[in-house]
Amino acid sequence: DDGESGNNNSGSGAFLIKRQPQETDPDNDYATPEALEAYNKLTNVTQSGYIAVNETDPGVGLSGALWAESSGGGSDAGANFNRAWGGSGHSGQQSVVWRDVCELADDPDQPYDERLQALAKAGFKLATGITFDINGYRGIFIVYGNPHGDRNKLNNPANARFMNNAAQLIGAAAAIQDPIERVLAFRKEEAFNNWHRLKIKLLTIVRMLGVLRYTNENSGGLSSDRPKLEKKSSIAMLREASARFRENAKETAEEVKEAAKNKATRWGKKVRGGSAGIAPAFTWRQCLWTFVGVVTTHTILSRINLLIMTESDKEFNLILAPLGALTTLQYTLTAAPASQPRNAIFAQVFAITVAICLSYIPNIPPWFRSALAPAIVIPGMAKLGIIHPPAGASAIVFSTWKENNWITMGIFLAGVAITIVTAVGINNMSDRRQYPTSWYLVNKAKKAIVGENELGQVTVIKKAP
């Protein structure tokens, strides 16, 4: 296995290779010139077009995507993977889940990243990210596995524990660098302060000796001049205190000015945008699958809506607008967390419930209710971990809908269920898609009923070739 690590502050790190990928070995059947060229760009600093381990944004590139997924950042890009091989965990440790780097590189929902593309071409096709948090110093340790090796070895609990412990040790080694630098700076400052205090004491002793000498030489006239000396001393102390106050105020103002300037500089840099490229376009084949899925789903929904309106004499209907946003996710961002059934169902229930409950509160004008509903729903979804953009639209629609009641909510949730069923049937007919990535509630129920074995082994899940 090869490894790569970095912290979340700079995004930089190190790339350590233990064994050359088979795709770059001229004596291996898997070798290709394209893979060798990409490998040289990753490892040879003298190579033209060398790609170093540079800063990256969360959700961008392999390290950014694994970081966003591991830290629960809520970024779709950080969790948009179409294939996953289950790993194994141990009590108190992270589960090791291997991700397909090639699928991440080809994913249209993932921002284009040159290093990610080179890793996929060079044969680093399996990767897992293990985060570490050493007293607030957070980072991620990325391990690349051999895609042609034995998956049972990769998923072995002992191997998972080894990688978890290695991540913590490497994280600790990185985390201690900053405290070491601070200690050295503190010791240097302390030595300077000690010498400064010693110098002040020596000067004080010298001055005291001079005062005693002056007192002995002028003992007769000292008593008459004492009030004047005390007055001069008081004035000098006031002047010194005033000067210190002005100096401290000036330093504070400079610090505030510098902090504001740094904040403005960082803001301006963010406004100019990051280094992420444009996501690749869909192929015509994938566009055709999307067309078939969307037209089939909305034909069914529109027909059901017509039937409901006819049977209820237009008292009820199926609200279609948020379902259009849902099908957009299901057929274009198929593996994104926001597209999954768990998010779709829970988020819609939460959003519509909030919108209907707000309608029961008197004296709230409709224009403000349509602003308050999404303001409550959107951060609420983020906190609950069920981010689903169409639910934000549902909150607005249901907060202003005239026939806003629980029956309309039930009809709409039935429409959500229909879109999920059709998406499962149509998306999985394509070799390039898998929907959903997991049945969260079903898997949780299985674990509760069957239970896991004592090693915590997870079955390897693969898509059909």
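## Helix α11

Helix α11 covers residues 341-359, 19 residues in total. At 1.5 Å a residue it should span 27 Å, and its end C-alpha atoms are 27 Å apart, so the two values agree. The model is predicted.

## The chain as a whole

The protein chain has 465 residues, and 34% of them are buried. It holds 15 helices and 6 strands.

Take the contacts between residues at least 6 apart in sequence: 68% of them join residues at least 24 apart. The accessible surface comes to about 28100 Å². Carbon and sulfur atoms account for 60% of that surface.

The largest nonpolar core has 23 residues. Leu62, Leu119, Phe124 and Tyr144 have the most contacts inside it. Five elements each supply at least two residues of this core: α1 (33-43), α2 (61-70), α3 (101-106), α4 (114-121) and β6.

What does Leu62 touch, leaving aside its neighbours within four places in sequence? Its contacts are Val101, Leu104, Leu116, Leu119, Ala127, Ile142 and Tyr144.

A second core is separate and has 21 residues. Among them are Leu301, Ala355, Ile420 and Ile426.

Strand β5 runs from residue 126 to 134. It is mostly covered, with 7 of its 9 residues buried.

β5 pairs with strand β4 (residues 98-100). The two run antiparallel and are joined by 2 bridges. Here Asp100 stands opposite Leu126 in β5.

β5 also pairs with strand β6 (residues 137-145). This pairing is antiparallel too, over 9 bridges. Ile134 stands opposite Tyr137 in β6. The hairpin of β5 and β6 has 2 residues between the strands. In that hairpin, Asn135 takes a positive phi near 55 degrees.

Conventions
Residues are numbered from 1 along each chain as its sequence is written. This is a predicted model: local features need pLDDT of at least 70, side-chain atom pairs count only at pLDDT 80 or more; totals for chains, interfaces and linings use all residues. Side-chain values use heavy atoms; hydrogens and water are left out. Buried means under 20% relative accessible area, exposed over 50%, partly exposed in between (1.4 Å probe, protein chains only). Helices (H or I, at least four residues) and strands (E, at least two) are DSSP runs, numbered from the N terminus. Two strands pair if DSSP finds at least two bridges between them. Contact means heavy atoms within 4.5 Å. Accessible areas come from the Shrake-Rupley method with a 1.4 Å probe; for residues, only the protein chains shown count as cover. A nonpolar core is a set of buried Ala, Val, Leu, Ile, Met, Phe, Trp, Tyr and Cys residues joined through side-chain atoms within 4.5 Å. The expected span of a helix is 1.5 Å times one less than its number of residues.
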